[in-house]
Structures are given as structure tokens and as C-alpha cells.
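Please work through the following structure with me.

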Amino acid sequence: MDKSREDRIQYLLDRQDIVDAIHRLSRGLDRADRELAISAYHEDGIDDHGIVVLPAAEFVDWALRMHAENHISHTHAVTNITADIDGDVAHVESYHMSFCENKVKPDTIASGRYVDRFERRDGKWAIALRVCISESLYEATPLNAPAFITALKTNGPAERSRRDVSYERPLTLKRPMQGGATAIA
């Protein structure tokens, strides 16, 4: 039986709320924003990350501590999100890749999947249970091009805090434009 237009629109709205939660968690961990990361889970949510199985808030604290102790920087990218939504429960699978610039070399690239049970409670979709499946782990060799690396980082450092430029509202231009061009505000 074909779904009605209203059912399809509701599915898209629900799916977007789920995707937004997944992205909030990754951004929260990458920017060391505890509140943002925890907002992706229900208060009684659980994260099974293989090495640890913890309630959501304790997992976020563990992950933030682990990243701070071991990494200069890290980036989580989430792709290929599928969502099987049935009422107020959704089973979601997301592929992930993370790059970690490690304090002790080599740097690492990891990939795998997040398998989540989302629940909608009081109108909010959030993770009730997450299982992290690791697929692969690789060594990454840093690029030996100091001048190029310096040039790429001229916009300032990526901050693992709310001082990061991504939190700036409104985003403003801090540096002069080259070639005599003028910025449009």
C-alpha cells in the first residue's frame, strides 16, 4: 500500500530530526562540547563503544577525556544513514570515519558503523542505545609540506571548545580580502 503524502512528510521530518541528533553528537565530540554531545541521547541512553559500555553522559565524559588525552585534533564524519522508522522507534545505521591526529604517532583513520535505536519521547528523537561497530583502522602518514600546512591553517586553529569559529553568530570576516576586493556584509 502506498504511503500518503502526510506519512511521507512525517517520515522525512522524523528522519531529519534523527540525522540532526547524529550530527550533534559528532560535532559535540569534535568541539569538546559536552552539552551538545549529550543532547543526542535520551537521559537514560546507553553507548556500547566496544571498549566501554556506559550510560550516555558517562560515555560522553569518557570520550572527551580520551580524545583530550590522546589527540591533538580529531574529526568524525558520518555518512550513509539509513533509518527504519516505526512509530516512535527507529533503527538507524550510519557509516562513520574518523581521523585522529595523535599525540603519539602514527595518526589514525578509523571507519565503521553506528547502529542505533532511536526513540521519540515527548516529541524528541534521541539515541536510546548505540552500538559502535569498528570495521577498519589505518595508520596515516602526515604530509611533509610545512609551508603548505601553514598556509592551510592561516584562518586560525580549529578549537576543541565553543571558541571555535563554527560557534560564531553571526559569522564575520576577520581578515582583509586580497586584490582590493571588498566584502559584502
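**Contacts, sheet and core**

Q: With which residues is Y41 in contact, leaving aside its neighbours within four places in sequence?

A: Contact means heavy atoms within 4.5 Å. On that basis, Y41 is in contact with L25, D47, A56, F59, V60, K124, A126, I127 and R130. This is a predicted model, in which local features need pLDDT of at least 70, side-chain atom pairs count only at pLDDT 80 or more, and totals for chains, interfaces and linings use all residues. Residues are numbered from 1 along each chain as its sequence is written, and side-chain values use heavy atoms, with hydrogens and water left out.

Q: What is the order of the strands in the open sheet?

A: Strands of a sheet pair through backbone hydrogen bonds, either parallel or antiparallel. Here strands (E, at least two residues) and helices (H or I, at least four) are DSSP runs, numbered from the N terminus, and two strands pair if DSSP finds at least two bridges between them. The open sheet has 6 strands in the order β2-β1-β6-β5-β4-β3, with mixed pairing. Its edge strands are β2 (53-55) and β3, each pairing on one side only.

Q: How many bridges join β5 to β6?

A: These antiparallel strands are joined by 15 bridges. Among the partners, R120 is bridged to W125 in β6, and D116 to R130 in β6.

Q: Which residues touch the most other members of the largest nonpolar core?

A: In soluble globular proteins, nonpolar side chains tend to be buried together. A nonpolar core is a set of buried (under 20% relative accessible area, 1.4 Å probe, protein chains only) Ala, Val, Leu, Ile, Met, Phe, Trp, Tyr and Cys residues joined through side-chain atoms within 4.5 Å. Of the 27 residues in the largest one, I18, Y41, V92 and F118 touch the most other members.

Note on methods: Buried means under 20% relative accessible area, exposed over 50%, partly exposed in between (1.4 Å probe, protein chains only).
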